[in-house]
Each structure stands twice: as C-alpha cells, then as structure tokens.
Amino acid sequence: LYIVHKLAPKVPESRSKALEGGCEKFTYNLAHKMSIDHKVFILYIGLTDKSKRTFYLHSIEDFQNQLVEEYVVDSKFERLSIFTDLLDQYNIDLIHYQHLVYSPLEYTLVAKAKGVPQILSLHDFYYICEEHFLENDKFVPCDVPTDITQCATCLRNKDQIPHEHVLKRRSMMKSLLQKMDLITAPSKFLRTQYHKIFPEINDKLKIVELGTLLDNLK
C-alpha cells in the first residue's frame, strides 16, 4: 500500500484533479513496475476538495489500474477507522508512505499495532519543519538548527505560530519516524540533515537515490 497526497490526473482511473509532481510520478511508476509480481494499492486524497473529506483507494495489478473505493468522511476518527478496516480487507502486508502531508499521522500507530511493516520516503523537510523547503524568517535557506527554540522563534516571526505548537509537532514527528522500519532518503545531504535533528533514527535511514533499479534494492 502506497500512501501519497495525490495521484496524477492522467493515470487511468485516477480521480485526482491536482497537478502532479515528482513524488506522484515516482509513486505511480514504482507501483506500476511492482504490479508485475504484486497487487499494489495507492491511497490518496481529493486535494481539490477544500475540506479534504474525500479520499480514494486505487489498485494496480498486472499493469491494470482500477478505482477500488471512494471514501467521504466527516472526521479524522472515521478516516482512521476506514484505514484500519482496509488493512485487513485487502490483506496489506507492507505500507510505503511516499508522503503523509494531508494524512493522519496516526496511520503509523494503526499499522504498528497491526504489525504491518512500514517504509517512509523523505522528499523534503516536512518531518522537521512546517516549512517543507526550509526558508527561514529572513527568507533565505535555513541551516537546520538543532536548537528547536530557534525554529520556534523563526516560525513565530513568519506566521505567529505558538512556541508550544513547534515543540509538540517536533515531538510527534520524532515518534512517527521511530515507528518506521525503514526510512529512505534520496541524497546524502537529506540523510545528514535528518540524522542531525533525529539521531535516534540513524539505523533506519538508508540512501536510495531516485532512479535506483528495483533489483538493486533487494
């Protein structure tokens, strides 16, 4: 099961209307390739729905695309309940989070409780800071400080985010990352920055450059 924030509109059976990016292309191409030997599912949200109430389950098997389910929910708890059920209903034996933006972080708790192995791909700095691409309050590249009070001050200067919110978010992300069985980074630079902020996940971090052949990952 791949979890990503949207799916390219040109993908057969896709219900996504948002423009695709590199993450979506990578997810679909990888899932499409793996469908030779596996039944692959992709869970994504309807980004054009401002309330983020609609999400979809897409399947690929032997290169054939299918919309499996469309879900409309009124709360995060309902969404987590659906997620719990689909893990059992479709016999999900591995979850790969391509991105958790717009998705409940509690997905990882559900999967951990069920003993389903989990992989997370790092594409940006989402798990370090709300500013995915780390532009600081001077609007220049951030140096990723290990002192989180600097992060709190920076974000407050930009968006008036409460200091407590920054601390809580960092703690939640640390817990999320620790629940992963494997975390992949596309470069040594990104791996280094994540290790700098979360040294506890060092043994889980592996560099897997984009374009790596599947046979080389076995």
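# A tour from the sheet to the cavity

Start with Tyr44: the bridge partner of this residue in S3 is Tyr56. Two strands count as paired if DSSP finds at least two bridges between them. Strands (E, at least two residues) and helices (H or I, at least four) are DSSP runs, numbered from the N terminus.

A word on what is on screen. This is a predicted model, in which local features need pLDDT of at least 70 and side-chain atom pairs count only at pLDDT 80 or more, while totals for chains, interfaces and linings use all residues. Residues are numbered from 1 along each chain as its sequence is written, and side-chain values use heavy atoms, with hydrogens and water left out.

**Stop 1: the whole chain**

Zoom out. The chain has 6 helices and 8 strands. From the N terminus, the elements run β-α-β-β-β-α-β-α-β-α-α-β-α-β. The radius of gyration is 18 Å, close to the 17 Å that the globule rule gives for 218 residues, so the chain is as compact as a globular protein of that length. That radius is taken over C-alpha atoms, and the rule is 2.2 Å times the number of residues to the power 0.38. Along its principal axes, the C-alpha trace spans about 50 × 40 × 35 Å. Of the 218 residues, 47% are buried. Buried means under 20% relative accessible area, exposed means over 50%, and partly exposed lies in between (1.4 Å probe, protein chains only).

**Stop 2: the sheet**

Color the strands. All 8 strands form an open, mixed sheet in the order S4-S3-S2-S1-S5-S6-S7-S8. Which strands stand at the edges? They are S4 (64-72) and S8 (205-207); each has a single partner strand, so one side of each is left without a neighbour in the sheet. Strands of a sheet pair through backbone hydrogen bonds, either parallel or antiparallel.

Now select 54-61, strand S3. S3 is joined to S4 by 8 bridges, and the two run antiparallel. Two contacts to click: His58 has Leu67 of S4 as its bridge partner, and Ser59 stands opposite Gln66 in S4. In S3, 7 of the 8 residues are buried, so the strand is largely enclosed by the rest of the structure.

Follow S3 into the turn. S3 and S4 form a hairpin with 2 residues between them, and Asp62 in that turn has a positive phi of about 50°.

**Stop 3: two loops with positive phi**

Most residues other than glycine have a negative phi. Select Tyr102, where phi is near 75°. Tyr102 sits in the loop between strand S5 (95-97) and helix H3 (107-114). Its relative accessibility is 42%, so Tyr102 counts as partly exposed.

Next, Gln160. This residue is not a glycine, yet its phi is positive, at about 60°. Gln160 lies in the loop between H4 and H5. Is Gln160 buried or exposed? Gln160 is exposed, with a relative accessible area of 52%.

**Stop 4: the cavity**

Rolling a probe the size of a water molecule over the atoms shows where empty space is left. The structure holds 1 cavity of 30 Å³ or more. A cavity is a set of points, on a 1 Å grid over the protein atoms alone, where a 1.4 Å probe fits but cannot get out; lining residues have an atom within 4 Å of a point. The largest cavity has a volume of about 70 Å³, that is, the space filled by probe spheres set on the points, which are joined across faces, edges and corners.

Select the lining: Ile128, Cys129, Glu130, Ile148, Cys151, Leu155, His165, Val166, Arg169 and Arg170. Helix H4 (148-159) and helix H5 (163-178) each supply at least two of the lining residues. H5 gives the most, with 4.

**Stop 5: the cysteines**

How many disulfides does a search of the whole structure find? The search finds 0, a disulfide being a pair of cysteine sulfur atoms within 2.5 Å. For Cys129, the nearest cysteine sulfur is that of Cys151, 6.2 Å away. Cys129 counts as buried, at 11% relative accessibility.

End at Cys154. The closest cysteine sulfur is in Cys142, and at 6.3 Å it is too far for a bond. Cys154 also counts as buried, at 15% relative accessibility.

Methods. 1 Å grid on protein atoms, 1.4 Å probe; cavity = no way out; pocket = protein on both sides within 12 Å on 5 of 7 lines; lining within 4 Å.
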